[in-house]
Amino acid sequence: MHALVSTARTRAVETLTLDSPHNRNALSAALVGELADALADAGKDTGVRAVVLTHTGTTFSAGADLRDPPSPEALTGLFRQIIELPKPVVARVTGHVRAGGLGLLAACDIAAASTEATFAFTEVRIGVAPAVISLPLLPRTDPRALARYYLTGERFDAAAATTTGLLTAYGDDVDATLAPILEGLRGAAPDALAETKRLLTARVLEAFDRDAADLTALSARLFSSPQAREGMTAFLERRDPAWVV
């Protein structure tokens, strides 16, 4: 059976690669489970200083897999796992990121992308809202800058993603952009990294403690609504949903 998440290690940096190109690395229940297991292993391994999360193909993640979606609780749990991992998690993006994939990106401590990367919160276009992904997103981004993209579903580029706070950095060569960052992490003491990450994620975890139950319930309610059924059907049939004017 083909693994949906592959692992490799170079000088104490564990790279986890989303490898489900048939559905553009969509967050299926199976992929979420494999990624959670790989993160747990990396978190316990004293030989790992940091984790890089990247992808095969032209898409980092297309969001939730509409044919095999994870439960809202599983997705919430994955985001929290990344935030609570005692190792920095660095996103490396060279392609497109959509919907739930942006929650995965926001959960990472550092995120870098190539200039070819594009981003979009497409939830409103299929009749739902960016509910669960708001848990890591809203505490780490500029709400005024983000409002346009949340509300319209428009595609935006790496420069705009950096302005909103979604990305740490971007450049023509994402590996060149990441090189000094990874060297910095390799030179940091493991316990100091863990405690520094704890300081940086405290506000994000407060949002989880306060809002996770409500946003998980909202996500479940919206995904079972008539508008969501129409939106998802239209998406799978490659047509406009009925509300488009």
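Me: Hi! How many residues of strand β3 are buried?
Reply: 6 of its 6 residues are buried, and β3 covers residues 50-55. Buried here means under 20% relative accessible area, exposed means over 50%, and partly exposed is in between, with a 1.4 Å probe and protein chains only. Strands (E, at least two residues) and helices (H or I, at least four) are DSSP runs, numbered from the N terminus. This is a predicted model, where local features need pLDDT of at least 70, side-chain atom pairs count only at pLDDT 80 or more, and totals for chains, interfaces and linings use all residues. Residues are numbered from 1 along each chain as its sequence is written, and side-chain values use heavy atoms, with hydrogens and water left out.

Me: Thanks. Which residues point which way from β3?
Reply: Ala-50, Val-52 and Thr-54 point one way, while Val-51, Leu-53 and His-55 point the other way, and all are buried.

Me: And how many bridges join β2 to β3?
Reply: There are 6, and the two strands run parallel, with β2 at residues 13-18. Strands count as paired if DSSP finds at least two bridges between them. One example is Val-13, whose bridge partner in β3 is Ala-50. Between β2 and β3 the chain passes through helix α1 (residues 29-44), and this β-α-β crossover is right-handed. Right-handed means that, with the strands pointing away from the viewer, the path from the first strand over the helix to the second runs clockwise.

Me: What about β5, how many bridges join β3 to it?
Reply: 3 bridges, and again the strands run parallel, with β5 at residues 89-93. Leu-53 has Ala-91 as its bridge partner in β5.

Me: New topic: torsions. What is the phi of Ala-12?
Reply: Ala-12 has a positive phi of about 70° although it is not a glycine. Its place is in the loop between β1 (5-10) and β2. Ala-12 is partly exposed, with a relative accessible area of 22%.

Me: And Arg-24, where does it lie?
Reply: Arg-24 is in the loop between β2 and α1. Its phi is also a positive value in a residue other than glycine, near 60°. Arg-24 is partly exposed at 40% relative accessible area.

Me: Let's go to α5. Which of its residues are buried?
Reply: In α5 (residues 143-152) they are Leu-146, Tyr-149 and Tyr-150. They cover an arc of only 105° around the axis, which puts them on the same side of α5. That arc is taken from the directions from the helix axis to the C-beta atoms.

Me: What do those buried residues pack against?
Reply: They pack against α4 (134-137), β9 (155-157) and α6 (158-164), where contact means heavy atoms within 4.5 Å. On the other side of α5, Arg-144 and Leu-151 are exposed.

Me: What caps the N-terminal end of α5?
Reply: Asp-142 does, with a side-chain oxygen 3.0 Å from the backbone nitrogen of Arg-144. After α5 comes Gly-153, whose phi is positive, near 70°.

Me: Last one: Gln-227. What does it touch?
Reply: Gln-227 touches Ile-126, Gly-127 and Trp-243, not counting residues up to four places away in sequence. Gln-227 lies in helix α9 (residues 226-236) and is exposed, with a relative accessible area of 51%. Gln-227 and Val-128 are 99 residues apart in sequence and 7.8 Å apart in space, C-alpha to C-alpha.

Me: Which residues in α9 are buried?
Reply: Ala-228, Gly-231, Met-232 and Ala-234 are buried. Down the axis of α9, its buried residues fall within an arc of 160°, so they line one face of the helix. What covers them includes α8 (190-223).

Note on methods
Polar contact = N/O pair within 3.5 Å; in protein donor to acceptor, adjacent residues only side chain to side chain.
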